[in-house]
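Please look over the sequence and the structure shown here before reading on. The text then goes through them step by step.

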Amino acid sequence: MKLTIVEYPDKRLRQISKEVTTFDTKLHALLDAMNPMMIDTNGIGLAAIQVGYAIRVLTLNIPDEEGEQHPENLLEIINPVVIDKSGETLYQEGCLSVPKFYEDIKRSEKISIHYQDRDGKKMQLDADGLLAIAIQHEMDHLEGILFIDKLSYAKRKKFEKEYKKMLKERKKS
Ligand code: Y12
Ligand code: CO
């Protein structure tokens, strides 16, 4: 399965992703294609809508202290629901769908989620640190929300100007 990253301002990123009800080989094929795509593009997290599939599916792989990603740290999260959150943290986020832009975003410091694995098994996860941040970023994608939506008016205006310029320059080369 060949996947390509959907980039802002593509309207598909604004879709609300649908709950997964069938845990079949088609879902597994999508997950099997998303995982290497995320690693190959230096991603930490990827939502299915970022590759054009409006379903509630996320993959995550948090790097170790050396910045290395390991297959055993791969997390496949389907139909996630936040059941608890606490604290506040600020982290400079980026997104594969918004290339070359990074900004500090406020998130909950710790979260607990219920989700399903690729076979539909019900799971619970308590997350903090980068994992908690990445899950919240990816869960926003399921609602059609991007991290740039959380910027102040002034920062968003600056972003839109710079991003337009970047797209124009990319088109030329
Ligand atoms: C902390 C904050 C946000 C997240 C969500 C997941 N975000 C990513 O995985 C971002 C990846 C990313 C990778 C890039 O590298 C390449 O595209 C090769 C990148 O660089 C450029 O756009 C040039 C930007 C973002 C997780 C944890
Ligand atoms: Co993103």
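What follows moves from the overall fold to one helix and then to the metal site.

This is a predicted model. The protein chain contains three helices and seven strands, arranged along the sequence as α-β-β-β-β-β-β-β-α-α. The C-alpha trace spans about 45 × 40 × 35 Å along its principal axes. For 173 residues, a compact globule would have a radius of gyration near 16 Å, and the protein chain agrees because its own value is 16 Å. Of the contacts with a separation of 6 or more, 63% join residues 24 or more positions apart. Buried residues account for 43% of the chain. The accessible surface is about 10,100 Å², and carbon and sulfur atoms contribute 50% of that.

Helix 1 covers residues 25-40, and these 16 residues should span 22 Å at 1.5 Å a residue; the end C-alpha atoms lie 23 Å apart, which agrees. Its buried residues include Leu27, Leu30, Leu31, Met34 and Met38. Among the elements that cover the buried residues of helix 1 are strand 1 (45-47), strand 2 (57-61) and strand 3 (74-86). Just after helix 1, Asn42 has a positive phi of about 60 degrees.

Which residues coordinate the cobalt ion (ligand 2)? They are Cys95, through SG, and His137 and His141, each through NE2, at 2.0 to 2.2 Å. An α-helix has 3.6 residues a turn, so residues three or four places apart point the same way. His137 and His141 are both buried.

Note on methods:
Residues numbered from 1 in each chain as written. Chains lettered and ligands numbered in written order. Predicted model: local features only at pLDDT ≥ 70, side-chain atom pairs only at ≥ 80, totals over all residues. Heavy atoms only, no water. Helix = DSSP H or I, 4+ residues; strand = E, 2+ residues; numbered from the N terminus. Expected span 1.5 Å × (residues − 1). Buried < 20%, exposed > 50% of the residue type's maximum accessible area, 1.4 Å probe, protein only. Contact = heavy atoms within 4.5 Å. Donors = N, O, S within 2.8 Å, 3.2 Å for Na, K, Ca; no water. Rg over C-alpha atoms; globule rule 2.2 N^0.38 Å. Areas by Shrake-Rupley, 256 points an atom, 1.4 Å probe, with all protein chains shown as cover.
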